[in-house]
Amino acid sequence: MRIIIGGGRGFVGQSLTRLLRSQGHEVTIISRQPGDGRITWDDISRKGLPPCDSAVNLAGENVLNPLRRWTEQFKQEVFTSRIKTTQTLAQAISQSQSPPRTWILLTGVGYYPPSRTQQYTEDSPGGDADYLSRLVRDWEAAAHLSHSGTLKPDTQLVIVRSGVVLGRDGGALPSMLWPFRLCLGGPVGSGEQPFPWIHITDLCRLLCHTIEQEGNVGGILNAVSPSSITDTNADFTKALSQALWRPAFLPVPALAVQALLGQDRAVMLLEGQKVSPEKTLQSGFTFLYPDLSSALAELLP
């Protein structure tokens, strides 16, 4: 199969590209710069979408980048990197004479309102609780519509809402490890907030599974491990502490998180959602790493 990936040079994109190519698929990455196996976003805007079986958008500036202050300029970069790229692909798909069978957008479970009690499935409402949920709402809306019209019925849209992605070479885990290795680890805030997560391998396997279904899987899929419905930040802290053989008794105060990241972004760490992968499991997908102990055992050999 021929797959086009927006954001293919990022953490998830590189892992997905390796998996797809190992399965014998042909992958072309949309990038800012041209190169071998790459096309540019400008090419997509001017020339349209090359023939492909699936289009995937993984593009998005890291919202939690601690090196960037939460300014209006950075907010605009976050918005543009997600919504403008999605609009560009949606428009190209809607104008294509031979559109892909599958159009996949990777967003986040931040769509659902933060809650320590409410449990969410793919059918649960959201999109209006805070900055992140509204961002995801607008992001997903951009995948449905373009300036030139609607997606063609030949194309099945799949929106994959991911939890925190755990991997060795990127995502949230590497930045979490050094305090624990120095015996300075601990829960964030109260530690009671839900912690929806997924192993990078399972996320890429789910995306590959969706691509290979060739339009037979559609709608919303929650990309979170089955144990995420009950896992909290404290559970993750305990599991990581045990995996590293390090103590974890120094909590990160909520005020420190708010001071570093700003109120809008601090919510992402201090609150969370209890999310179930109900439709993901119904699609026939099985998780290699369904719980924290199996995931961390693979990631921290």
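Leucine 49 contacts Ile4, Ile44, Leu89, Ala92, Ile93 and Pro100 (contact meaning heavy atoms within 4.5 Å), neighbours within four places in sequence being left aside. The model is a predicted one, in which local features need pLDDT of at least 70, side-chain atom pairs count only at pLDDT 80 or more, and totals for chains, interfaces and linings use all residues. Residues are numbered from 1 along each chain as its sequence is written, and side-chain values use heavy atoms, with hydrogens and water left out.

Leu49 is among the residues with the most contacts inside the largest nonpolar core, together with Ile30, Val78, Trp103 and Tyr112. This core has 36 residues. A nonpolar core is a set of buried Ala, Val, Leu, Ile, Met, Phe, Trp, Tyr and Cys residues joined through side-chain atoms within 4.5 Å. Buried means under 20% relative accessible area, exposed over 50%, and partly exposed in between (1.4 Å probe, protein chains only). At least two core residues come from each of α2 (41-47), α3, β5 (102-108), α4 (131-144) and β9 (156-162). Helices (H or I, at least four residues) and strands (E, at least two) are DSSP runs, numbered from the N terminus.

Two helix pairs were examined. Two packed helices are described by the angle between their axes and the distance between the axes. Axes are lines fitted to C-alpha atoms, for helices over the stretch in contact, and angles run from 0 to 180 degrees between N-to-C directions. In the pair formed by α1 (residues 11-22) and α6 (residues 200-212), the angle is about 60 degrees and the axes are 9 Å apart. The two helices are therefore oblique to each other. Angles under 35 degrees count as roughly parallel, over 145 as roughly antiparallel, 65 to 115 as roughly perpendicular and the rest as oblique. The crossing of α1 past α6 is right-handed. A crossing is left-handed if the near helix is turned anticlockwise from the far one by less than a right angle, and right-handed if clockwise. From α1, the contact involves Phe11, Val12, Ser15, Leu16, Leu19 and Leu20. From α6, Ile200, Leu203, Cys204, Arg205, Leu207, Cys208 and Ile211 take part. By class, the contact of α1 with α6 has 11 nonpolar, 1 polar and 1 charged residues. Here Ala, Val, Leu, Ile, Met, Phe, Trp, Tyr, Cys and Pro count as nonpolar, Asp, Glu, Lys and Arg as charged, and the others, Gly among them, as polar.

The second pair is α8 and α9 (residues 263-270), packed at an angle of about 135 degrees with axes 7 Å apart. That angle makes α8 oblique to α9. Their crossing is right-handed. Ala254, Val257, Gln258, Leu260 and Leu261 of α8 meet Gln263, Arg265, Ala266, Leu269 and Leu270 of α9. This contact has 7 nonpolar, 2 polar and 1 charged residues. Within α9, Arg265, Ala266, Val267 and Leu270 are buried. Their cover includes α3 (72-95) and α8.

Several loop positions complete the description. Most residues other than glycine have a negative phi. Cysteine 183, not a glycine, has a positive phi of about 60 degrees. Cys183 lies in the loop between α5 (173-181) and β11 (197-199). Cys183 is partly exposed, at 32% relative accessibility. Tryptophan 245 also has a positive phi, of about 55 degrees, without being a glycine. Trp245 lies in the loop between α7 (233-244) and α8 (254-261). Trp245 is exposed, with a relative accessible area of 76%.

Glycine 189 is found in the loop between α5 and β11. Gly189 touches Pro251, Val252, Ala254 and Leu270, not counting residues up to four places away in sequence. Gly189 and glutamine 242 are 53 residues apart along the chain, and their C-alpha atoms are separated by 20 Å.

Glycine 171 sits in the loop between β10 (164-166) and α5. Gly171 is partly exposed, at 46% relative accessibility. Leaving aside neighbours within four places in sequence, Gly171 contacts Phe11 and Val165. Gly171 and valine 12 are 159 residues apart in sequence and 8.2 Å apart in space, C-alpha to C-alpha.

Aspartate 154 lies in the loop between β8 (149-150) and β9. Asp154 is exposed, with a relative accessible area of 55%. Beyond neighbours within four places in sequence, Asp154 contacts Pro99, Pro100 and Arg101.
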